[in-house]
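Open the model in a viewer and keep the selection tool at hand. The stops below go from one selection to the next.

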Amino acid sequence: MYDFDREIDRHGTWSVQWDGVADRFGVSDLLPFTISDMDFASPPEVLAALRERVDHGVFGYTDWRLGEFREAIRHWYASRYGAEIDPGTLVYAPSVLSQLSQLLQMWTAPGDGVVVHTPTYDGFRKAVTGLGRELRGVPVGDLEALERELARPDSRMLLLCSPHNPTGRVWTEEELRVFAELAERHGAAVVSDEIHADLTTDGHRHIPWTRIAEPGRGRRWALVTSGTKAFNFPALSGSYGMIGDPDERQAFIRRMETGEGLASPAVLSLTAHIAAYRHGAAWLDELRAYVAGTMGLLRERLAGLPGVDWTPPQAGYLAWIDLRPLGIEESRLQEELVTVEKVAIMPGGVYGTPGFVRLNVGCPRSKAERGADALVRAAERLRRG
Ligand SMILES: Cc1ncc(COP(=O)(O)O)c(C=O)c1O
């Protein structure tokens, strides 16, 4: 029903991925597979709602508590996740990272430890260290290390990425319950960033933290997320969260509205969220199938590289690829990709794990194939040379 093959020229739209590629890679004429947004237009249902709102023409102050925003989110959680959320627990903020920044300031003090899984989304590292907190990484799957880090007396927060960026891992209910148990035992707050949740592949079920957090257990928890990742409208600015404890929730809203002076939300973001959550399910399911198809092609291409045993992620459009078996130095691979192949692909070192790359395939297949071919060619040349 929807055309994901159509290539849309994003040059000249102030796109970080396309127009800002030189900022990270030094040169501008690269085909980018970088920051986590997609080259697809948002669903037609979302575009129609935005047009209607724009045509109204008046963009005075708005309030996210008026109108259908909270009801649309409730409907989405019930229909996608079978989760009955309490719309009264919802909060609004300009972005997921702005929520994280507020929660870090509310629930931790400078010098405190924040426990994350490694590899780690670079936005987490910037937020945590930028606020003077210490990032304490534990490898995905290492429960002993997780317990050890949480047990340190000044570890005050477990910051989850669920599903996990960049590995694409969808945590099972059992794993999440262990995380909750460990956080509670050691008195750590839990912030669960679920911005990639709508992008799970078939066979992997996302469990929202609301189903894990139990009343009376661990007062300090928050689920932070938005529809911007799945429906591709991050530049409209807008996100929401759920904070279980009423006092913590009020404190958060107060900080946003007074300390940050952010009383009015981005009205086009509210419009887009409402349309996506009411009418975007069919588009999203087609997108997920399309991305899965692209990941399948990528798998075939990568199978030619000796020792590289890559399987598609359980969620998301980011391919996290372990190239360490090839023994190529990260800076050498990057140089080859940039100067010879003219592509921008994220080096694993950005996420704390050199030797991997993160290839964004949230794009028409024709472009994804060019990226995959460039990566395989560069890797083959360097392996031999
Ligand atoms: C895990 C995760 N959290 C947050 C963000 C950014 O969200 P926002 O733009 O709403 O701050 C991203 C974007 O890549 C992400 O991958």
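Start by selecting His-196 and the ligand: in this predicted model, an N or O atom in the side chain of His-196 is 2.8 Å from an oxygen atom of the ligand.

Which other residues surround the ligand? Select Ser-36, Ser-95, Val-96, Tyr-121, Cys-161, Asp-193, Ile-195 and Lys-229, which together with Leu-97, Asn-165 and His-196 surround it.

Next, select Trp-209. Not counting residues up to four places away in sequence, Trp-209 touches Leu-160, Leu-176, Phe-179, Ala-180, Val-190, Ser-192, Glu-194, Trp-221 and Leu-223. Trp-209 is also one of the residues with the most contacts inside the largest nonpolar core, along with Tyr-77, Leu-298 and Ile-321. That core has 114 residues. At least three of its residues come from domain 1 (21–43 + 281–384), and at least three from domain 2 (46–279). A second core, of ten residues, is separate and includes Val-21, Phe-25, Leu-30 and Val-350. In soluble globular proteins, nonpolar side chains tend to be buried together.

Now select residues 267–279, helix α10. Its 13 residues reach 18 Å from the first C-alpha to the last, close to the 18 Å expected at 1.5 Å a residue. Is α10 largely enclosed or largely open? Ten of its 13 residues are buried, so the rest of the structure largely encloses α10. To see the buried residues, colour Val-267, Ser-269, Leu-270, Thr-271, Ala-272, His-273, Ile-274, Ala-275, Ala-276 and Tyr-277. What do they pack against? Show the helices α2 (44–56), α3 (69–81), α8 (228–231) and α11 (281–302), and the strands β2 (90–93) and β8 (239–243).

Stay with helix α11 and select Val-291, which is found in it. Val-291 has a relative accessible area of 7%, so it counts as buried, the cut-off being under 20%. Leaving out residues up to four places away in sequence, Val-291 touches Gly-316 and Tyr-317. To finish, draw a distance from the C-alpha of Val-291 to that of Pro-119: the two residues are 22 Å apart in space and 172 residues apart in sequence.

How values were computed: Residues are numbered from 1 along each chain as its sequence is written. This is a predicted model: local features need pLDDT of at least 70, side-chain atom pairs count only at pLDDT 80 or more; totals for chains, interfaces and linings use all residues. Side-chain values use heavy atoms; hydrogens and water are left out. A nonpolar core is a set of buried Ala, Val, Leu, Ile, Met, Phe, Trp, Tyr and Cys residues joined through side-chain atoms within 4.5 Å. Buried means under 20% relative accessible area, exposed over 50%, partly exposed in between (1.4 Å probe, protein chains only). Domain bounds come from an automatic or database domain assignment. Contact means heavy atoms within 4.5 Å. Helices (H or I, at least four residues) and strands (E, at least two) are DSSP runs, numbered from the N terminus. The expected span of a helix is 1.5 Å times one less than its number of residues. A residue is near a molecule or strand if one of its heavy atoms lies within 4 Å of it. A polar contact is a pair of N or O atoms within 3.5 Å; within protein, one must be able to donate a hydrogen and the other to accept it, and residues adjacent in sequence count only if both atoms are side-chain atoms.
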